[in-house]
Amino acid sequence: MGEIITVDDPADPRLHDYTDLTDVELRRRREPAEGLFIAEGEKVVRRAGDAGYGMRSMLLSQKWVDVMRDVIDRSDAPVYVVEPALAEQVTGYHVHRGALASMQRRPLPEPADVLRTARRVVVMESVNDHTNIGAIFRSAAALGMDAVLLSPDCADPLYRRSVKVSMGAVFSVPYARLETWPRDLTTVQDLGFTVLALTPDERAHTLDETAPHRMDRVALMLGAEGTGLSPRALSAADTWVRIPMSHGVDSLNVGAAAAVAFYAVTAGRPQE
């Protein structure tokens, strides 16, 4: 069982993992460099542990100690108990969910490793908004996608906002980064995947016409909000696909579009 320690100094170095959580640029640099990520909220902390991520420490207000008792008992990590006002001083915001945990990152697998047993894959290019990353991972998990591949400039799925929006679904779907973009898409194609580029371009086939649920192995490629897929990514795809729009709407938010497309790609597959 982890030691429960009451801390009353916001400058206590033991709280270093939790400092300046609202400074996005700082945390984006610090967390991968220091090998950690932050799980926020009871459900997310539990899901991170269940997924096998090691715990470095927990930061709790007193009323959450009993709620998280079983998690505390299963871990050797220290538990820092603080007043809500002190938690706000340290983190930079009101921690209304009451429970934070610093978790240990794991090395990312190679793309070929996550593709080996997959049949339905998400490929993201330049999706750098953490909310969109979290929403896409949540839909991918819920709708039966097998893996996620990220271009080098995609946002970090383990950043606190991504994890929170996904409700821990980032722990459920294996993911890897493609090092050379978009050249590494040939690795995906060489493994038998048909790469479908999702675009609002009128030259694209509709998802119904393409019938991706009947294909053996599919990699659905999504671009960033607003700009969409780059010309290079579109050129590297096997087929362009689109979601038909009505009432003069030209496109959907990438998170919403992803959910619709995932359903089309996985329709008829048994869900676990």
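Me: At about what angle to strand S6 does helix H7 run?
Reply: This is a predicted model, in which local features need pLDDT of at least 70 and side-chain atom pairs count only at pLDDT 80 or more, while totals for chains, interfaces and linings use all residues. Residues are numbered from 1 along each chain as its sequence is written, and side-chain values use heavy atoms, with hydrogens and water left out. Helices (H or I, at least four residues) and strands (E, at least two) are DSSP runs numbered from the N terminus, and angles run from 0 to 180 degrees between N-to-C directions, with axes as lines fitted to C-alpha atoms, for helices over the stretch in contact. Helix H7 (residues 130-142) lies across S6 (120-124), strand S7 (147-150), S8 and strand S11 (218-222), and its angle to S6 is about 175°.

Me: Which strands are the edge strands of the open sheet?
Reply: Seven strands form this sheet with parallel pairing, in the order S8-S7-S6-S11-S9-S12-S10, where two strands pair if DSSP finds at least two bridges between them. An edge strand pairs on one side only, and this holds for S8 (175-177) and S10 (205-206).

Me: Which residue of S12 is the bridge partner of threonine 206?
Reply: Strand S12 (residues 239-242) and S10 are joined in the parallel sense by two bridges. In S12, threonine 206 has as its bridge partner arginine 242.

Me: What angle does the direction of helix H12 make with that of S11?
Reply: Helix H12 (residues 254-266) packs on the sheet and touches S6, strand S9 (194-198) and S11, contact being heavy atoms within 4.5 Å. The direction of H12 makes with that of S11 an angle of about 165°.

Me: Why are the buried residues of helix H2 on the same side?
Reply: Val44, Val45 and Ala48 are buried in H2 (residues 42-50), where buried means under 20% relative accessible area, exposed over 50% and partly exposed in between (1.4 Å probe, protein chains only). The arc is that of the directions from the helix axis to the C-beta atoms. These three residues lie on the same side of H2 because they cover an arc of only 100°.

Me: Which exposed residues does the face of H2 turned away from its buried side carry?
Reply: The buried residues of H2 are covered by elements including strands S2 (36-40), S3 (55-60) and S5 (99-104) and helix H8 (160-166). The face turned away from that buried side carries the exposed residues Lys43 and Asp50.

Me: Which residue of S5 stands opposite alanine 39?
Reply: Five bridges join S2 to S5, and these strands run antiparallel. Within S5, the residue opposite alanine 39 is alanine 101.
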